[in-house]
Amino acid sequence: MQNKTGVIVLTSIFVALCIFKLSFTFVARQEANKATAYATDEKGQINLSKKQEYLDKIYDSTVYNFAGLKYTYKEVKETELSLGLDLQGGMHVTLEISPVEILTALAGTNKDNANFQQALKDAAVKAKDSQKSYTALFLESYKEVAGTEKLSVVFSNAQNRNRGIDARSKDSDIEKIINTEVDDAVVRAEQIIRNRIDKFGAVQPNIQILKNSSRIQVELPGVENPQRVRNLLQGAAKLEFVEVYSLFEISNSLTAINNYLLTVEKPAKANGKAPLDADAAAKMLSGDSSSVAKADTTAQAGDSVNAAVAAADSSKIKADTSAPKASSFFTLLKSNGYSLSYMEKDTAKINRILAMDKVKSLLPSNVKFIWSQRSDKEKLDKAPIELLPLMKPRGGISLGGDVISDARADVSQDGKTFEVSMQMNAQGAKKWKKMTAAAASNPQNKRRIAIILDNYAVSAPTVQNEIPNGSSSITGNFTFEEAKDLASKLKAGKMPAPVRIVEEAVVGPSLGKEAINKGLLSILASFIFVVIFMLAIYNGAGWVADIAVICNFVLLLGVLASLGAALTLPGIAGIVLTLGMAVDANVLINERVKEELALGRPIREAIANGYKNAFSAIFDSNVTTMIAGVVLLIFGSGLIYGFAVTLIIGIISSFYTALAVTRVIFESSLAKNKNISFSNSFTKTLLRSTNIDFIGKRKYYYAFSAIVIIAGIVSLSMKGFNYGVDFKGGRSYVVKFDQPVTADEIRSNLAAPFTSAPEVKTYGSEDKFKITTAYMVDDDSEAATVNVESKLAEGLAKFTGNNSEVLSTSKVGPTIANDIKTSAMWAVLVAVICMFIYILIRFKKVGFALGAVISLAHDVFFVIALFTLLQDVVPFSLEIDQAFIAAILTVIGYSINDSVVVFDRVREYLDNNVEGKDAGTIINQALNDTLSRTLITGMTTIFGIFILFLFGGEALKTFSFAMLTGVIIGTYSSICIGTPIVLDLGGKSLNKKPEPITPEISGKKVATV
């Protein structure tokens, strides 16, 4: 084998890096356990506030030291393999930005135009059953109702002149501007939402704009207050321009606060020292606290910070040899200049100080403290956060964000940095002129004006002069990205349009803990089975396969951690499936080696030929399964996306470990003359002498499949699809009861509140039920959600003395449900087309491609038929939802994997058919020769999924059942349906005429007669 050393080095580096990345996960778990232990009292109750206090203390402290590299708890948390919402609890939300308000705002004074209003209504109706964006539907509807009337009739107004719209503008140009405005609104809304989530304090949130839509997806792990999140995400942003007090002006108050705190803080902090004097206070505010730390003598109480400021400004501060006492308000200062700045970990303590009633009373009534917002670079550099004393305007907000008409990032006058230019409307320009004039009126004390967004100061520039006309710029050490972001925030001082929650899922922590326990049990059981099974079948070579599986497992988890991906319950399903499928390549290689050994080849030659002969089948089968994974990645969302990521990484890592890692181990063993066995006495001839007439019996297989599928179609026509909530829309709740209750009782009690009986099914155990209702399904408002939850509580309250707990909730609006359903159909169709094209290219015969596609269609219809036939038979729900589609796509990948392996052997035998054997005989021989591989791989995969079905929990029950039946059917169809169809459709093209045999005598050819 070439590049043996390179493979060893590369694999060692990969595995080492993956283990290193995974080590952060163990450290994070260890620190979390310490926090839990710290917050647990004698009764075993956990104080969440105390736990958070512990984590806040270590947030910026080193908790991991690896070979001299030090990592804080914050860095460890950012690098760990995080858990998805379904494993730790949390909230998943899809928000939709309403383009109606954006269009109405652009129309301005022309918003009452009859054609415009009718187009809005028509677009809303079309949106329920269309994949097009609302904006596209509006433009389409406007052309229908307005006829020859141009868009400029509606959108040509004074406010749109700076956008380039006038009465002469073409419809195509206006359409581009409208689409740009809507897209920009979505981006601005995402930025506002991100800022709000940062303020909310969720750990490792995931916020992203969904492509080709006006939707934003938000995932918040660990949140336990869904209502607060809903309010946070859907509320309007608030932008203000407020003057900032200089510390000189409130110095007396600061001194009074310090001296008050000395009376209430722990004596250890006072240490017998005197109160803070002016000189020391000045040093506090300039970032020098050394005098306070080392001071040991006395000073007079009540000295004014005002004097300190004067001293500081005149550069006459002298080294302090006294021992002033300062409260934590001053000792925690990290200022680099004359300001109040603190480290992030200390902000909570400062907030508690400022919230004290006594401290509030010591401040002027119009002072309000607010924190500044750090840039990305400042966060990276762990820069302190400035606390700004705002001058609250008498009578409310002096200037709000509604006056901003435009904002953009520009190059500064010196050409070295970037600044933000902003333009206000006429009313705002007038107020801004007055406000800036007041701020710049005192040459000795020019004030700053803070730009406040969502209660954080995004900027606080010093005003040098009065600014007329509403045009101004904000300068600072901005990068282009920072200037662009600030401009976006200024322009989007409030949400550019209302947002509504169109999809929502809440998973309680108890359900998440149960899910992860069952998921880990599934992985462990599958892993143990694969290890034992490979040893039992392949003896010594089984050890090599097991090492490859272990490497594959480590690489898979390590890459997930490196990518910052979250491990979800479907992701665990992907790992279990990967463990089962990872042995497929090893089985193919080992079976080929056994064939070579049976022909009497030496062990070294047999291994070399085994890898060579198995490569094409391994490559093709991995590519086809990869196609299914990529399609899932493109069309899937949420948890299904996590399954796709895990599946794709698993395919790549298993391909590498099976072909490279195992080969190196075999070569190393051969170099040391070690004995390598590929079988034992039982498995040496296992399934080697089979001679089943698959081709001759194919009509029986066709008939059996046709009967099941037709029965399914009949059942489906009578009962219809049992759609899940994500395909039909509605709200579902998983509820746990303390005492026994029946589904009929729940249905009866909820019928009146919901106006009709909801769907109620058991969920995993007798005390858990999944309740699904279409009540108020067309209303996406927050009021509707609250109303439905109150109706649910009303119905559950009828179970007197039987407490209930809502473990998880899910909400899908009808529009997004239709989108999900359509995307699922496209996913299946695209996957089948891609695989047809690939098989056609690789095998160069239409018969193979058609056989593969018909086999795939057979598998899909067979599984659907089983779902509808068993719908009211099995003791668990069989819903058609996103998880079902993910299972179908994976089954398609697995089925084509099986078919490709058989097709590869058929192609090989047909190409070597120099004797002119009948194609049916050749295909039969290929099916029998690959039977051992098909059954061995099928058994490992089926058993892994069966374990997932037993222990994976109710959330994966439908998914794993579809996978289980699909893999069994896929194994059956690759042998009994797909390959025989190749013969039936390929016909005479598969029969290769034998080449004439030319005899040789003494090395000379003899002419044939």
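I begin with Leu-17, which is found in helix H1, spanning residues 4–39. Please bear in mind that this is a predicted model. Together with Val-9, Leu-10, Ile-13 and Phe-14, Leu-17 makes a nonpolar surface patch of about 420 Å².

I turn now to the aromatic residues. How many aromatic pairs does a search of the whole structure find? The search finds 37 aromatic pairs. One of them is formed by Tyr-64 and Tyr-71: the ring centres are 6.1 Å apart and the planes stand at 35°, so this pair is tilted. Tyr-64 and Tyr-71 are both buried. A further pair is Phe-529 with Phe-533, where the centres lie 5.4 Å apart and the planes are at 25°, so the pair is stacked. The criterion that decides between these two cases is the angle: planes under 30 degrees apart count as stacked.

Returning to the tyrosines, Tyr-64 and Tyr-71 belong to one aromatic cluster with Phe-20, Phe-24 and Phe-66.

Finally, I come to charges placed over rings. Arg-907 has its charged end over the ring of Phe-843, at 4.2 Å from the ring centre. Likewise, the charged end of Lys-957 sits over the ring of Phe-949, 4.8 Å from its centre. Thank you for your attention.

Conventions
Residues numbered from 1 in each chain as written. Predicted model: local features only at pLDDT ≥ 70, side-chain atom pairs only at ≥ 80, totals over all residues. Heavy atoms only, no water. Patch = residues over 30% accessible without salt bridge, like charges linked within 9 Å, V, L, I, M, F, W, Y side chains within 5 Å. Areas by Shrake-Rupley, 256 points an atom, 1.4 Å probe, with all protein chains shown as cover. Salt bridge = Lys/Arg side-chain N within 4 Å of Asp/Glu carboxyl O. Helix = DSSP H or I, 4+ residues; strand = E, 2+ residues; numbered from the N terminus. Phe/Tyr/Trp six-rings, centres within 6.5 Å; stacked < 30°, edge-to-face > 60°. Buried < 20%, exposed > 50% of the residue type's maximum accessible area, 1.4 Å probe, protein only. Lys NZ or Arg CZ within 6 Å of the ring centre and 35° of its normal.
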